[in-house]
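Here's a walk through one model, from its overall build down to a few residues worth a click. Keep the viewer open as you read.

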Amino acid sequence: MTNEIHTPSSEFAREVASVPGGEAINKCIQCGICTASCMVARASEKYRPRKIIQKILIGKRDEVLRSDQPWFCMTCRMCEENCQEGVSPAEIFHAVRFIAAREGHIPNVFRNTLDTVLTDGWLLKDAYSDFIEDERDDLGLEVDLRFNDGFVKRVRERYFSPDMREAEV
Ligand code: SF4
Ligand code: SF4
């Protein structure tokens, strides 16, 4: 591993590097080992971590921030384990998602999931089905959905209060 910076960086790359997690982006030498190590890339031809990093390095800001691809990363860190330059694509994509979310670019599937969590405290809309309710009842657990209200309130206060948003910008 080396700490050298190898790649001339675009303004967007410098912006990503300024966000926690994105610091190492300019060490990327575009070798492609991350893509070769990535299980998501194996499952989807559309997803290529090296290519996303390349687009950041050459400054395709709008294209990257509006793309759903940085959101495909599962943070398994196989790429990070194998990168010889000490770069973590997973961390870089966290930084990219942070910038994208701040500018309102969140893929609908994540936005819908967030709305569901902030409405009733469940990750999936149908998670609290009759089946689960019956199972919980049998186990002597709380079956009233309102017991999630406190959780939703805490999440809203912790992550979505006006103070919090200001602190993150
Ligand atoms: S393995 Fe590391 S150096 Fe190679 S392309 Fe991926 S991030 Fe860049
Ligand atoms: S952390 Fe993300 S980019 Fe890296 S191997 Fe896993 S899914 Fe692929």
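## The overall build

Helices here are DSSP runs of H or I with at least four residues, strands are runs of E with at least two, and both are numbered from the N terminus. On that basis the chain reads α-α-α-α-α-α-α-α-α-α-α along the sequence, which comes to 11 helices and 0 strands.

Some ground rules before going on. This is a predicted model, so local features need pLDDT of at least 70 and side-chain atom pairs count only at pLDDT 80 or more, while totals for chains, interfaces and linings use all residues. Residues are numbered from 1 along each chain as its sequence is written, chains are lettered from A and ligands numbered from 1 in the order in which they are written, and side-chain values use heavy atoms, with hydrogens and water left out.

How much of the chain is buried? Of its 169 residues, 36% count as buried, where buried means under 20% relative accessible area, exposed means over 50%, and partly exposed is in between (1.4 Å probe, protein chains only). As for contacts (heavy atoms within 4.5 Å), take those between residues at least 6 apart in sequence: 59% of them join residues at least 24 apart.

## Ligand 1

Ligand 1 sits in the largest cavity. A cavity, on a 1 Å grid over the protein atoms alone, is a set of points where a 1.4 Å probe fits but cannot get out; a molecule sits in one if more than half of its atoms lie within 2 Å of its grid points. The elements giving two or more residues to the shell around this ligand are α2 (33-37) and α4 (49-57).

Which residues come nearest? Out of the 13 around ligand 1, they are Cys28, Cys31, Gly32, Cys34 and Cys83; to be counted as near, a residue needs a heavy atom within 4 Å. By class, the shell holds 9 nonpolar, 2 polar and 2 charged residues. In that scheme Ala, Val, Leu, Ile, Met, Phe, Trp, Tyr, Cys and Pro are nonpolar, Asp, Glu, Lys and Arg are charged, and the others, Gly among them, are polar.

## Helix α4

In α4, the residues Pro49, Ile52, Ile53, Ile56 and Leu57 are buried. Looking down the axis of α4, these buried residues fall within an arc of 140 degrees, so they line one face of the helix. The arc is taken from the directions from the helix axis to the C-beta atoms.

The cover over the buried residues of α4 includes α1 (11-17), α2, α3 (39-43), α5 (61-66) and α7 (89-102). After α4 comes Gly59, with a positive phi near 90 degrees.

Ligand 2 sits in the second largest cavity. Around ligand 2 are Cys38, Val40, Tyr47, Pro49, Cys73, Met74, Thr75, Cys76, Arg77, Met78, Cys79 and Ala90. That shell divides into 10 nonpolar, 1 polar and 1 charged.

Two of those names deserve a look at their backbone. Thr75, in the loop between α5 and α6, has a positive phi of about 55 degrees although it is not a glycine; at 27% relative accessibility, Thr75 is partly exposed. Arg77 is found in the loop between α5 and α6, and its phi is near 70 degrees, positive in a residue other than glycine. Arg77 counts as partly exposed at 25% relative accessibility.

## Buried loop residues

Trp71 lies in the loop between α5 and α6. Is Trp71 buried or exposed? Its relative accessible area is 13%, so Trp71 is buried. Not counting residues up to four places away in sequence, Trp71 touches Arg97, Ala100, Ala101, His105, Ile106, Pro107 and Phe110. Trp71 and Ala100 are 29 residues apart along the chain, with 10.0 Å between their C-alpha atoms.

Ser88 sits in the loop between α6 (78-82) and α7 and is buried, with a relative accessible area of 10%. Leaving aside neighbours within four places in sequence, Ser88 is in contact with Arg77 and Glu80.

## Later helices

Asn108 belongs to helix α8 (residues 108-120) and is exposed, at 55% relative accessible area. Asn108 and Asp68 are 40 residues apart in sequence and 9.3 Å apart in space, C-alpha to C-alpha.

Arg156 lies in helix α10 (residues 149-160) and is partly exposed, with a relative accessible area of 42%. The C-alpha atoms of Arg156 and Val117 are separated by 9.8 Å, with the two residues 39 apart along the chain.

Definitions and conventions. On a 1 Å grid over the protein atoms alone, a cavity is a set of points where a 1.4 Å probe fits but cannot get out, and a pocket is an open set with protein on both sides within 12 Å along at least five of seven lines; lining residues have an atom within 4 Å of a point.
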